[in-house]
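Dear colleague,

I am handing over the structure below for your attention.

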Amino acid sequence: MAVPVLSRGVLWSGRALGAAAGRRSLLSAAYVDSSKWEKRQKEEHSLADLAHLMDRTYERKLPVSSLTIGRFVDNISSREEVDQAEYYLYKFRHSPNCWYLRDWTIHSWIRQCLKYGAQDKALYTLKNKVQYGIFPDNFTFNILLDCFIKQKKYEDAMSVVTEIMLQESFDEFSTQLLSLYVSYQYLATKSEYTIDALETILQSVLEAKPGPESAEVKELEQKSRCTESEETEQSKAPEYYSRFKELYSKLHSLGKVESESLLTLTTQLVKEKLPACEVEDIAKHEQKLKEWEQEQALLIERERELREKAKQEMEARKLAEASA
């Protein structure tokens with residue numbers, strides 16, 4: 001059976017399937033469940049103490065460790081503290097240690113934003129990644145996308161998809177599926193992007209006849225003086241339109257024009273393929289959690305050793321000064 005390659009008419013048909021999907025989560029409860037993340041070994045710290053430590057460290061022109069900023073993010077317990085963490089993430093990004101923001105801290109930041117209703121902060125820091133250092137992995141991207149899908153905030157979800165594209169993070173099939181779904185949900189709200197609308201635009205271009213003194217004509221004359229062989233896009237419009245009609249007729253005659261909307265087809269595809277992807281994603285994420293815990297434990301041990309060494313050196317200096 002031939003695979004449909006074009007959906008006739010509009011991207012949005014108002015069908016119940018697409019509309020219903022927009023009111024629910026595409027990812028399963030097991031995928032977005034945060035219980036394993038919450039149960040991980042986490043150091044309890046006072047945010048006031050951590051903030052004082054970081055402020056004092058920056059005042060002394062010294063670098064704050066990745067463990068310290070990580071502890072601050074991990075210990076967020078309110079919406080107000082999300083704002084405080086945003087400030088220190090910015091400070092850390094503009095410090096000598098900026099390259100050492102840990103992957104688990106980025107994941108924790110997004111989780112905390114979602115937990116305390118600060119999705120706007122998650123999106124803001126993601127879009128301003130250079131200023132905050134927020135470069136999530138695919139699993140983290142997916143749970144953020146799912147949050148916006150649940151809320152039917154497709155413009156925000158589309159912003160996440162744009163960041164995924166810019167970061168070239170389409171490694172996982174699940175992320176590809178969610179991004180495709182969001183793209184068509186977003187397009188469904190934009191009537192100007194339907195095929196009928198595109199036909200209308202092409203036709204209006206063909207019918208447009210600028211006057212001899214119009215700005216368009218002057219611009220074309222200027223371009224022609226630069227290169228006589230270059231054809232303007234407007235002159236190619238009849239060719240584009242003719243080719244479009246020709247190809248569409250050919251596809252229709254071959255039975256490759258699908259009667260369902262692209263949104264409906266996309267929803268069906270995502271529902272069919274996503275469950276299998278989830279199993280692999282969850283297994284990878286759980287393995288990554290173990291790796292993060294091991295890496296964090298090594299950093300904490302190294303931090304302890306350095307503190308002990310610094311303490312010994314300070315005591316040695318005091319003894320030397322006392323005996324001098």
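A nonpolar core is here a set of buried Ala, Val, Leu, Ile, Met, Phe, Trp, Tyr and Cys residues joined through side-chain atoms within 4.5 Å. Please note that the model is a predicted one.

The largest nonpolar core has 49 residues, and the members that touch the most others are Phe-72, Leu-89, Trp-109, Ile-134, Leu-145 and Val-160. Helix α10, residues 138–150, supplies the largest share of this core, with seven residues. There is also a second, separate core of six residues, including Trp-37, Leu-67, Leu-289 and Leu-299.

Beyond its neighbours within four places in sequence, Trp-109 is in contact with several residues, among them Val-73, Ile-76, Leu-89, Lys-121 and Ile-134.

Helix α10 also contains Leu-144. Is Leu-144 buried or exposed? Leu-144 counts as buried because its relative accessibility is 1%, and the limit for buried is under 20%. Residues up to four places away in sequence aside, Leu-144 touches Ile-110, Leu-114, Ala-122, Leu-126 and Val-160. Between the C-alpha atoms of Leu-144 and Asp-156, which stand twelve residues apart along the chain, the separation is 9.9 Å.

In soluble globular proteins, nonpolar side chains tend to be buried together. On the surface, however, Met-165, Leu-166 and Phe-170 form a nonpolar patch, with about 280 Å² of accessible area together. Phe-170 sits in the loop between α11 (154–166) and α12 (173–188). With a relative accessible area of 30%, Phe-170 is partly exposed.

Yours sincerely

Methods
Residues numbered from 1 in each chain as written. Predicted model: local features only at pLDDT ≥ 70, side-chain atom pairs only at ≥ 80, totals over all residues. Heavy atoms only, no water. Buried < 20%, exposed > 50% of the residue type's maximum accessible area, 1.4 Å probe, protein only. Helix = DSSP H or I, 4+ residues; strand = E, 2+ residues; numbered from the N terminus. Contact = heavy atoms within 4.5 Å. Patch = residues over 30% accessible without salt bridge, like charges linked within 9 Å, V, L, I, M, F, W, Y side chains within 5 Å. Areas by Shrake-Rupley, 256 points an atom, 1.4 Å probe, with all protein chains shown as cover. Salt bridge = Lys/Arg side-chain N within 4 Å of Asp/Glu carboxyl O.
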